[in-house]
Amino acid sequence: MTPADDLVVQRPEGLYCPPGNFYIDPWRPVDRAIITHAHADHARPGHAHYLAAASGEGVLRARLGAIDLQTLPYGEAVDHFGVRVSLHPAGHVLGSAQVRLEHRGQVWVASGDYFVAGADDDPAESNATCTPFEPVRCDCFITESTFGLPIYRWAPQRDLFADIDRWWAANAATGRASLLLGYSFGKAQRILAGVDPSIGPIVVHGAVEPLNRAYRAAGVALPETKLVTEITDKASLRRALVIAPPSVQNSVWTRRLGEHGDAFASGWMQLRGARRRRSVDRGFVLSDHADWPGLQRAIRQTGAQRVIVTHGYESVMVRWLTEQGLEAGAFSTEYGDEKEESAEVVLEPAGA
Amino acid sequence: MKAFAQLFNELDASTATSAKVEALKRYFAAAAPADAAWAVYFLAGGKPRQVVPTALLRALACERAGIAPWLFEEAYQAVGDLAETIAHVLPPPTAPSDVGLAEWVEQRLLPLRGTEPLEQAQRIARYWDELDTSGRFLLTKLIGGGFRVGVSKLLVQRALAEVASLDAKVVAQRMMGYTDAKQMPDAARYVALLSQTTSGPAEAGQPYPFFLAHQLEIPLGEFDARLGPPTDWFVEWKYDGIRAQIVKRAGSVWVWSRGEELVTERFPEIVALAAHLPDGTVLDGELVVWKEGAPAAFNLLQQRIGRKTLTKKVLADAPVGFIAYDLLEWGGVDQREQPQSVRRPLLEAAVRGAPGIRLSPIEERTSWAELAALRESSRERGVEGFMLKHRAARYGTGRTKADGTWWKWKIDPLSVDAVLIYAQAGHGRRASVYTDYTFAVWNRRPVDAAEAQAVVEAIAKREPAKAGALQLVAFAKAYSGLTDEEFRRVDKVIRANTLEKFGPVRSVKPTLVFELGFEGINRSPRHKSGIAVRFPRMLRIRDDKPLAEADTLQTLEALLASGHRTAA
């Protein structure tokens with residue numbers, strides 16, 4: 001295999017498939033773009049034609065408005081200049097997809113962002129708000145590595161949501177609201193699907209509700225939510241779980257909550273330093289990205305002999321994969337954040 | 001261990017004082033005295049000596065986690081804390097236990113010291129396997145000797161006092177020396193802390209909690225309005241030594257450092273002088289090396305403390321004196337409730353009876369302006385400025401203002417404008433943020449901005465500097481003085497201008513000029529620049545200052561020549 005046969009290469013506009021003449025999650029405007037999922041760093045405005053997973057249509061339109069969008073159910077293929085393209089669940093957020101490309105007997109898969117937790121396949125650990133990650137056999141796997149360090153292992157979801165419930169219930173018992181900060185798209189819905197709604201009312205920030213609507217329209221069961229402006233009985237706020245994007249921390253918006261506890265939900269909360277920099281009462285380690293054992297398992301299950309690492313701890317991942325006997329390299333992308341700042345919570349990658 | 005780990009997490013998670021005190025009270029109310037005894041020890045800053053070298057911990061963690069050392073180092077760089085890195089990389093526990101803190105420390109941790117490395121490794125691996133992430137983190141901190149928690153001793157005392165319905169000051173005094181390495185905490189000592197029977201002036205060598213001063217930061221013009229006339233105050237020089245108490249009771253002398261360490265044996269000359277004090281006397285003052293009629297540089301004292309054996313030569317080279325500035329007990333009676341104006345004459349009487357102990361002189365002037373002028377002589381005198389003690393001030397506990405006020409009125413630091421050339425990520429709260437910087441000055445004044453820029457470009461191209469040519473010379477490291485906001489900004493600039501990475505250190509294309517402050521400057525053959533500065537810190541970012549106008553080695557030389565040496 002020579003580089004000329006590569007099904008995906010790096011171009012200034014983004015990751016490009018030469019035989020198919022299209023891009024995957026490009027960061028500059030192009031003619032044809034396959035979008036793995038609707039987070040802002042992957043789904044950018046300005047492309048002429050979009051292709052995305054059918055289940056992601058609602059969220060993608062909620063974010064990008066009127067675009068020329070073609071959708072494809074998971075597993076169905078289309079042919080484009082001899083490249084057979086199909087989309088497969090990535091488990092990251094609603095409608096997130098891995099892109100499988102097949103051309104002249106070669107199969108490549110670009111993962112986008114994906115969520116798989118732990119070394120063993122356990123259905124209890126998958127993301128309840130979307131179709132679970134599906135391993136796809138391939139020759140070359142293009143993988144993310146947001147949490148590509150052995151310090152990142154996610155605790156069982158059951159324990160994590162029980163922790164959140166306890167924190168919420170304890171706040172409610174002392175008559176103060178529980179402000180839980182998390183990314184509006186994906187993280188917020190995962191929290192909603194995981195908490196115990198019998199503890200009290202659930203209030204969401206105005207940035208979260210449009211995504212909730214898209215999730216509900218796609219058939220994802222979420223508990224009842226209200227906007228803070230819809231709360232007529234102010235006393236009920238003091239028992240409420242309030243879900244809002246991180247940007248509201250210390251803003252005037254939080255004043256209407258009165259006295260409240262605050263917490264932050266993100267994979268970065270695994271580290272004490274990041275928790276303390278956030279200066280919230282609690283940090284809940286809830287991520288929509290694969291943890292270290294999850295990354296290893298996902299890569300292994302593809303059977304790929306060649307792996308290309310994108311955003312995250314690329315150099316670590318590349319060295320580790322090379323030591324495992326795989327051919328590994330990296331693409332420099334504009335996904336996530338400036339890569340060096342991936343341990344920062346200040347400018348957090350979408351949905352981490 | 002579970003309860004203590006839970007307490008640690010609560011203290012660590014919260015920034016609210018009330019929440020911390022509540023968490024402490026919950027713990028103390030429920031804990032067995034033997035466990036609580038150790039909890040108080042650790043929370044109050046007690047540190048058992050390191051039981052196992054960190055190299056062994058690293059190697060063992062790699063082995064247990066099945067990862068290569070390089071990968072462990074990468075993880076450590078991201079975490080910024082060794083114990084936390086270990087806690088996260090280890091596989092989940094297979095034999096969970098809930099053993100109490102006292103048993104952990106006494107039966108397991110302390111016996112590790114002196115055990116064969118192989119046996120140590122086997123035991124530690126077993127211990128890790130019993131604990132969850134937070135338990136492992138704590139255990140590893142305790143083994144490695146690096147335990148710290150965000151709670152002040154005052155808060156611990158307050159919580160204990162509230163649990164036992166005692167006055168916090170009583171608890172504070174009973175706790176003096178509690179963390180001294182020579183005594184082991186046990187249930188009896190813990191119970192004694194909370195005992196309801198008051199025991200009069202402390203038995204044996206028990207010292208009093210130190211009263212600490214606040215930094216005075218108001219312009220001279222406001223002194224009269226804010227402080228009143230200078231005649232309301234005792235004005236004394238502020239010495240740069242080790243704060244200490246001399247306790248003389250029942251024919252014996254004890255010397256306690258501000259760190260509540262019993263240091264009697266290190267200062268035989270002080271013990272000899274203090275033997276002349278009457279029983280029932282406690283003095284507060286400063287230990288300094290005293291040479292040729294003046295206090296000597298702090299580093300002489302530091303070297304002296306480092307000596308294990310005090311030979312005649314050591315004692316002759318660095319003779320230590322005690323400058324007494326307060327009296328806490330006299331005739332066996334606690335004097336701390338007396339105003340300064342009463343304690344001072346008693347102090348003078350006490351010192352008269354013990355020749356050799358120096359009395360801290362009082363400077364009397366009629367105006368603050370005159371005192372400010374006098375303060376300018378601080379550096380020549382080898383002192384840090386003035387201490388202001390209100391005549392009516394009682395002797396308080398810790399850094400409180402409830403009992404009256406002590407101010408430290410320090411001289412302004414020396415300062416130069418320097419260029420940032422290397423950066424390293426911080427630890428703890430600053431992990432993964434570049435906060436530790438190395439600064440340089442020019443070896444000579446650049447002819448113009450273009451010449452300076454040419455040097456910057458050469459550095460960016462990794463061209464080695466030519467001998468004799470204009471170049472930047474590193475001279476100081478600093479990591480404090482900026483706000484979180486400013487650190488974030490500088491962090492961005494560093495990431496955008498990184499030239500090379502050497503492990504955790506990055507070389508940075510010079511773009512930022514900082515005003516660096518420091519307390520003193522000395523020649524040092526160990527530094528490339530030939531100069532060492534004391535307590536360097538960042539005063540501000542000089543965005544207004546072009547690189548070419550940063551200071552030079554000659555600026556530093558001039559400071560040296562003008563006698564701005566660290567008290568030497």
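Mentor: Start with the elements: helices (H or I, at least four residues) and strands (E, at least two) are DSSP runs, numbered from the N terminus. D25(A) is found in the loop between strand 3 (22-24) and strand 4 (32-34) of chain A. This is a predicted model, where local features need pLDDT of at least 70, side-chain atom pairs count only at pLDDT 80 or more, and totals for chains, interfaces and linings use all residues. Residues are numbered from 1 along each chain as its sequence is written, with chains lettered from A and ligands numbered from 1 in the order in which they are written.

Trainee: Why is D25(A) called buried?

Mentor: A residue is buried if 20 or more other C-beta atoms, placed from the backbone, lie within 10 Å of its own, exposed if 12 or fewer, and partly exposed in between. D25(A) has 24, so D25(A) is buried. Its phi is positive, near 45°, and it is not a glycine.

Trainee: What makes F81(A) exposed?

Mentor: F81(A) has 11 other C-beta atoms within 10 Å, so it counts as exposed. F81(A) lies in the loop between strand 7 (77-80) and strand 8 (83-89) of chain A. Its phi is also positive, about 50°.

Trainee: How do you know that the span of helix 7 (residues 101-112) of chain B agrees with expectation?

Mentor: The expected span is 1.5 Å times one less than the number of residues. Twelve residues should span 16 Å; the end C-alpha atoms are 15 Å apart, so the two agree.

Trainee: Which residues of helix 7 of chain B are buried?

Mentor: L101(B), A102(B), W104(B), V105(B), R108(B) and L109(B). After the helix comes G114(B), with a positive phi near 85°.
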